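Visitor: I have a structure to go through. Can we start with the surface?

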Amino acid sequence: MNHWLMKSEPEAFSIDDLKRKKQEAWDGVRNYQARNFMRDGMRPGDQVFFYHSNCAVPGIVGIAEVATDAYPDPSQFDPKSKYFDPGSSRDNPRWMLVDVKFVRKLKRTISLDELKGHDALVEMPLLRKGNRLSVMPVDAADWKYILALEKA
């Protein structure tokens with residue numbers, strides 16, 4: 001099993017939205033590296049940190065699970081979608097997504113500032129300067145360490 005972190009702006013789609021819906025397609029990813037993580041790395045059962053970004057207190061707010069293998073993101077084919085990609089075709093789709101399902105909300109938000117304060121997490125991709133990916137891997141040791149922070 002692999003571990004991941006997926007960012008979402010709470011105004012667009014929050015952990016509470018996922019809790020309410022139970023499962024949702026993670027659409028609209030338009031970064032090749034993030035797409036590759038979903039397409040080539042994610043498998044059903046993988047665990048995901050749900051991260052709120054672009055908000056007053058960015059941080060990890062919950063846990064989700066990858067529910068499906070990757071499949072073509074239908075929004076790329078919809079001319080009315082803000083994620084429409086006229087260069088993508090159904091025969092050779094450019095953008096993929098996975099469905100994620102709600103597992104639980106954390107007891108508290110583990111903020112980005114708090115994560116940055118732990119030397120043990122210095123190699124975590126989220127904390128690397130300039131990293132703006134919305135989907136990224138989380139090392140198993142980092143996953144375990146962060147879960148322990150929830151109780152602190």
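Guide: Accessible areas come from the Shrake-Rupley method with a 1.4 Å probe, and for residues only the protein chains shown count as cover. For the protein chain the accessible surface is about 8,400 Å², and 49% of that belongs to carbon and sulfur atoms.

Visitor: Where does the model come from?

Guide: This is a predicted model, where local features need pLDDT of at least 70, side-chain atom pairs count only at pLDDT 80 or more, and totals for chains, interfaces and linings use all residues. Residues are numbered from 1 along each chain as its sequence is written, and side-chain values use heavy atoms, with hydrogens and water left out.

Visitor: How many helices and strands are there in the protein chain?

Guide: The protein chain has four helices and eight strands. Helices (H or I, at least four residues) and strands (E, at least two) are DSSP runs, numbered from the N terminus.

Visitor: And which pattern do they follow along the sequence?

Guide: The pattern reads β-α-β-α-β-β-β-β-β-α-β-α.

Visitor: What share of the residues count as buried?

Guide: Of the 152 residues, 45% are buried, meaning under 20% relative accessible area with a 1.4 Å probe, protein chains only.

Visitor: What about contacts?

Guide: Contact means heavy atoms within 4.5 Å. Among contacts in the protein chain with a separation of 6 or more, 73% are between residues 24 or more positions apart.

Visitor: What are the spans of the C-alpha trace?

Guide: Along the principal axes of the protein chain, the C-alpha trace spans about 50 × 30 × 30 Å.

Definitions and conventions: Buried < 20%, exposed > 50% of the residue type's maximum accessible area, 1.4 Å probe, protein only.
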